[in-house]
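These are my notebook entries on a structure I went through by element and by residue. I set down what I looked up in the order in which I took it.

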Amino acid sequence: MSVRVVLHSPSGSRSFLERGLLLLVMLIFLEGTVLTLGAASSPDISAQDNTGGHDHRGIAGSHDHTNYTYTKKAFPVLSLDYHHIQVPFEISLWVLLASLMKLGFHLIPRLSSIVPESCLLIVVGLLVGGLIKLAGEEVPPVLDSNLFFLCLLPPIILDAGYFLPIRPFMENIGTILMFAVVGTLWNAFFVGGLLYAVCQIEGTYLSQVELLPCLLFGSIISAVDPVAVLAVFEEIHINELLHILVFGESLLNDAVTVVLYHLFEEYSGAGEVTPMDVVLGVICFLIVSLGGIAVGAIYGILAAFTSRFTSHTRVIEPLFMFVYSYMAYLSAEMFHLSGIMALIACGAVMRPYVEANISHKSHTTVKYFLKMWSSVSETLIFIFLGVATVAGPHAWNWTFVSVTVILCLVSRVIGVVGLTFIINKFRIVKLTTKDQFIVAYGGLRGAIAFSLGYLLDKDLFPMRTMFLTAIITEIFFTVFVQGMTIKPLVDLLAVKKKQEAKRSINEEIHTQFLDHLLTGIEDICGHYGHHHWKDKLNRFNKKYIKKCLIAGERYKEPQLIAFYHKMEFKQAIELVESGGGVKLPSAVPSQVSMQNIQPKKLPPPVAERALPQFTKGREEEIRKILRSNLQKTRQRLRSYNRHTLVADPFEDGWNDFLLKKQRLIELEKKMSNYLTVPGAIPDSPTMCRARLASDPNAFYNIKASSDGVPTIQVDLASPQSPDSVNMLNEEGREGADRDEDQGLMMKPAGKGEKGEEEGGNKNPGLMRCLSDPGPSNEDEEDEPFLP
Amino acid sequence: MGASQSAGTEHEFQDLADRTGFSLEQIGNINKRFRQLSNNEETLSREDLASIPALDNNPIRAQIINAFFDKRNLHQNETGTVQEIGFEEFLMVMTHFRPAAMGLTEEERENLRREKLRFLFNMHDTDSDGTINLEEYRRVVEELLSKAGTIGQETAKAIADAAMLEVASTTRGKMEPDEFYEGITFENFLQILNTFDIETRMHVRFLHMDTATLRCGKSK
């Protein structure tokens, strides 16, 4: 989630100057922020009205705007009206401060590698709070629970849920649930109970703290916090399994925390909890968690369904996703269900369908907005934690605080070890001691605990301030001590790091193959296992759900093909970005070309390219189609329109891409078979996205003997125009034997480029190609196509 | 089904258990299933396996069934196929799907990997020549996508070719235009699936369930 700004320092002194300047700007901002915010919160400001106001206040303190006295004053040319914009201004100032801080940390090169960002941000918050206090103003209560739960937390959770790696999550769901539910319960009761015991000891002056408040405190402080975990684990890059275990636990324990919190809060007044209440609590837990998931899933399906129809209004596509998710969260919170689980469920459910429906640009937008918001939220949360620490009334009690910290650690360790012992009996891949250590050590507490504590009623809980102090101390301890030391420990213990390996197509093929194989074996054994149900779910998904939720014909596309297209697309984008000059990336990055793996059936063709035999009638058809399309194109007006994006999805790099392609082709001497996927589906966004020339190595090498009519592949229209049919393709494919390689090429008259699939809208694309006198000097220019 | 268990069979089972590493109970369950599939005969034929209804939805059904009758999987050093298999051979094939035990040494783990990958390799290498050539690989991908309709057929070739290119480039590096890459050998296969933790993924849980009494996957 942390967007890393990589700073290259070309010349040492200049960058130093820049850095210094930026730091100076930030310091000024800090001061400004402090003064503004501090001043704003003080009571005098609110009474102070517009100084150079329009109406003349004859009587001091009178706000009577209707009483216009017509004493003429000089017309106020410039006036200051802070009150008018106060609230948005403050919010923006905080956000700006947070972002500048984040920026600043990355300017100082070694700092971010030693100290995790969360620590730095808390320190900044402390500083800001301290400065405000020094300035004599009252520190604003920034970490207000409403603000936190309704504005700051959702973006982070949505980001996490949307990008949750489903497969590892589901594979380890049993373990995660054990840790989340049983582990949190254990922690809560252990800490709460022992704390109560300690409080009862004579010398601590804490005997007024009863059992239930202690248990409440235990339940607040025992939950592992997703924000803190994300912030710290992002930077240490441990392997996927551990990451998903700790992170999954932090997400799923929300339900437990909610139930325990409400349970103990309710009954702290009454002073006792009966077994009936416990039973009700269990039922409540089930309702909270399953209800949250159900709410999220419903909204997710709604979002997916809506996205099916957005092909004409691409601009607001991302909005649907955000709003539906947020509403899922709010709806869950309305019923006191687990909002976090609702958000996770919503994001995870909607993702596969929405991604199949929305355009590439929307996809990027969603990704970047989510990352941006969650990043800002996270930064703000940590800064606010710092400020709240300075602000809040504290009641320091050595015993309570130190016992809390120690107990949390101890209970976490015991919990993890004990649970792992049980879990390992059911796991294939057992959790080693190293894994257990990381899981235990990675149980960080964060702002959620603080906000929950903040929510406590002052009257019911007179020891609230003491609780808050203890919570803050625990948070600081985990974030600073554990957060800072976890990285060196990971290196020291040589814990397996995340593999940066790119998923290769072979692995994908074999993953699918293995899935089917294992399902088959299970069927042969007659054993309804894991794979059998997964397979059934997939088939159900494909048959019914995808049909409803995915626009057009996309739902039929199997996963392997989607993966292949994505790869092609990625490589094509890389080609554009890399300038396409020196390196020649391809769909399959290789220095081997098709020639090498094709068995040589025929003698290599003679130097010039042989034209396959088109029947006269076919040629005529093709020319007719082209002409009619061109006519349509010319009538199209490309005017600026706020409501639509420009038609072709690859416009930015497109012209560059074409030019570079041209250069590439001229560089490239060898020709090999060019393969591509004939698109049967007219309106398939993924396929459209993948339609870029992915393999510059592979140029069409026409065999001496014609293999029938090769397919002519023109890139499909952008997702906005599902009606642009790949007519040429259909024409070309009739009667072609398809068991030979169908090399394909679109060779527009003016460009002389070979073996290229073109992205973008078919019609403007064609137009551009056909009308653009490219730098070609091949003599096949007179042919509209060179198939 | 209990009637078929006798003291002699018990002894055989013990022998099998020692050789294959299954527990007695697991072997008993598998035996029951075998009896069920083969209609209480001594041997299992292709038709018996083909008649399992649950397999109909499986795109690589034919390959799976063939794998049972492939001599290479029966721990014999022969090639070719048999028409019928007995219980022992059935069990032999099943051993490829045992989960990895805890506390294996590096070498044992490596052997387990090789064994499982060998099974997969044999499934792809239909002409038993020790390499997977382009045609065979194409067929693999085509079968995988066989349930996907027409798109599947056309894309399959492209995907298979791309995959083959990848293998060639990973294992052979840069190749001259005239060189020809014959096919994926077993060593290459190991190499490309290096990051694929197959020893943990390729397993079926042979739980201590009495599969014959469950109403699942009846053969007729």
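**A loop histidine, then another**

I began with A:His237, which counts as partly exposed because its relative accessibility is 39% (buried means under 20% relative accessible area, exposed over 50%, and partly exposed in between, with a 1.4 Å probe and protein chains only). A:His237 sits in the loop of chain A between helix H10 (226-236) and helix H11 (240-270), where helices (H or I, at least four residues) and strands (E, at least two) are DSSP runs numbered from the N terminus. Its phi is positive, about 50°, although A:His237 is not a glycine. Most residues other than glycine have a negative phi.

For the record, I note that this is a predicted model, in which local features need pLDDT of at least 70 and side-chain atom pairs count only at pLDDT 80 or more, while totals for chains, interfaces and linings use all residues. Residues are numbered from 1 along each chain as its sequence is written, chains are lettered from A and ligands numbered from 1 in the order in which they are written, and side-chain values use heavy atoms, with hydrogens and water left out.

I then turned to A:His336, which is not a glycine either and has a positive phi near 60°; A:His336 belongs to the loop between helix H13 (317-334) and H14 of chain A.

For H14(A) (residues 339-357), the 19 residues should span 27 Å, and the end C-alpha atoms are 26 Å apart, which agrees. I counted 15 of its 19 residues as buried, so that H14(A) is mostly covered. At A:Arg351 H14(A) bends by about 45°, with a proline, A:Pro352, following within four residues; the bend is the angle between axes fitted to the seven residues ending at a residue and the seven starting there.

**Salt bridges**

Over all chains, a search of the whole structure gives 12 salt bridges, each being a side-chain nitrogen of Lys or Arg within 4 Å of a carboxyl oxygen of Asp or Glu. A:Glu355 is buried, with a relative accessible area of 16%, whereas A:Arg351 is partly exposed at 25%.

I also looked up A:Arg412 and A:Glu249, whose closest N and O atoms are 2.9 Å apart in a salt bridge. A:Arg412 lies in helix H16 (residues 398-423) of chain A and A:Glu249 in helix H11 of chain A, so the pair ties together parts that are 163 residues apart in sequence. Both ends are buried, A:Arg412 at 5% relative accessibility and A:Glu249 at 2%.

In chain B, the side chains of B:Glu42 and B:Arg35 meet in a salt bridge at 3.5 Å, N to O; B:Glu42 is exposed, with a relative accessible area of 56%, while B:Arg35 counts as buried at 15%.

**Two buried positions in chain A**

A:Leu216 lies in helix H9 (residues 211-222) of chain A and is buried, at 0% relative accessibility. Leaving out residues up to four places away in sequence, I listed its contacts (heavy atoms within 4.5 Å) as A:Tyr261, A:Phe264, A:Glu265, A:Leu456 and A:Phe461. A:Thr469, in helix H19 (residues 464-492) of chain A, is buried at 4% relative accessibility; with the sequence neighbours up to four places away again left out, A:Thr469 touches A:His394, A:Ala395 and A:Trp396.

**Chain B as a whole**

Last, I noted that chain B has 10 helices and 4 strands, and that 52% of its 220 residues count as buried. Of the contacts in chain B between residues at least 6 apart in sequence, 57% join residues at least 24 apart.

Key: Expected span 1.5 Å × (residues − 1).
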